[in-house]
Amino acid sequence: MTDQELLQAISAAVKNEVEPLRQEMKGEIQGIRGELQEVRGELLEMKGEIQEVRGEIQEVREELQEVKTRLTKVEEETQEIKTRLTRVEEETQEIKIRLTKVEEETGEIKTRLTKVEEETASTRMLLENELSKKIDIIGEGHDFLKQRLENALTMEMKREAMELQIVNMQIDIKKMKESIADHDEKLQKIS
């Protein structure tokens with residue numbers, strides 16, 4: 001066998017061995033090409049989905065910004081409410097102080113009124129017990145007795161005037177208590 005024949009024999013043998021491999025590789029390359037086409041399609045689909053996600057992220061960012069804006073407004077309103085509540089608490093404290101003073105004054109007035117009532121009762125008893133005796137004993141002292149009676153009546157009128165003042169003060173105290181109760185309800189609603 002000549003070199004040429006040997007070369008042709010080797011070439012034919014290699015061709016017989018390589019050809020099935022080449023055909024197999026060609027099929028595999030076609031499969032890979034098909035898979036690459038699928039991958040490209042999936043990548044394009046993913047690209048679209050990524051664009052959608054980006055759009056949704058942008059929407060979320062806008063909504064988040066809106067939430068931040070609203071939260072800032074809520075914080076400002078909360079601060080304003082706190083300021084108002086502090087003022088209401090201060091005013092309530094002032095009202096409590098005033099009410100305490102009114103209660104003290106009312107206590108003093110009640111004490112004075114009790115004294116006036118005691119004095120009035122004492123004066124009545126004096127008038128009842130001693131007046132008739134003195135009228136019998138001293139007929140000419142009529143003008144004097146009349147003046148004492150007028151003084152007693154004047155004191156009675158003063159006592160009645162004081163009672164009216166006390167009633168008015170009690171009404172004012174009741175109004176203050178209702179106002180305080182209204183403030184307390186408002187505070188509870190705010191809280």
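This section describes the helices, salt bridges, surface patches and selected residues of a predicted model.

Residues are numbered from 1 along each chain as its sequence is written, and side-chain values use heavy atoms, with hydrogens and water left out. Local features need pLDDT of at least 70 and side-chain atom pairs count only at pLDDT 80 or more, whereas totals for chains, interfaces and linings use all residues.

Helix 1 covers residues 3-137. Helix 2 covers residues 142-190. Helices are DSSP runs of H or I with at least four residues, numbered from the N terminus. Helix 1 contains Arg-87. The C-alpha atoms of Arg-87 and Gln-23 are separated by 93 Å. Along the chain, these two residues are 64 apart. Arg-87 has a relative accessible area of 45% and is therefore partly exposed. The classes are buried (under 20% relative accessible area), exposed (over 50%) and partly exposed (in between), with a 1.4 Å probe and protein chains only.

Four salt bridges were found in a search of the whole structure. The criterion is a side-chain nitrogen of Lys or Arg within 4 Å of a carboxyl oxygen of Asp or Glu. One of them joins the side chains of Arg-70 and Glu-66, at 2.6 Å from N to O. Arg-70 and Glu-66 are four residues apart in helix 1, so about one helical turn separates them. Arg-70 is exposed, because its relative accessible area is 53%. Glu-66, at 40%, is partly exposed.

Arg-84 and Glu-80 form another salt bridge through their side chains, at 2.7 Å from N to O. Both residues lie in helix 1, four residues apart, or about one turn of the helix. Arg-84 is partly exposed at 47% relative accessible area. Glu-80 is partly exposed at 41%.

In helix 2, Arg-159 and Glu-163 are four residues apart, and so about one helical turn separates them. Their side chains meet in a salt bridge at 2.0 Å, N to O. Arg-159 counts as buried, because its relative accessibility is 12%. Glu-163 is partly exposed, with a relative accessible area of 28%. A network of salt bridges links Glu-156, Arg-159 and Glu-163.

Two surface patches are described next. Patches are made of residues with over 30% relative accessible area and no salt bridge; like charges are joined within 9 Å, and nonpolar side chains (Val, Leu, Ile, Met, Phe, Trp, Tyr) within 5 Å. Lys and Arg count as positive and Asp and Glu as negative, while His and the chain ends are not counted. A charge is placed at NZ of Lys, CZ of Arg, CG of Asp or CD of Glu.

The negative patch consists of Glu-35, Glu-38, Glu-42, Glu-45, Glu-49, Glu-52, Glu-56, Glu-59, Glu-62 and Glu-63. Among them, Glu-42 lies in helix 1. Glu-42 counts as partly exposed, because its relative accessibility is 47%.

The nonpolar patch comprises Leu-6, Ile-10, Val-14 and Val-18. Together these residues have about 310 Å² of accessible area, computed by the Shrake-Rupley method with a 1.4 Å probe. Leu-6 is part of helix 1. Leu-6 counts as partly exposed, because its relative accessibility is 41%.

Thr-92 also lies in helix 1. Thr-92 counts as buried, because its relative accessibility is 8%. The side chain of Thr-92 reaches the backbone oxygen of Val-88 at 2.7 Å.

Notes
Helices (H or I, at least four residues) and strands (E, at least two) are DSSP runs, numbered from the N terminus. A polar contact is a pair of N or O atoms within 3.5 Å; within protein, one must be able to donate a hydrogen and the other to accept it, and residues adjacent in sequence count only if both atoms are side-chain atoms.
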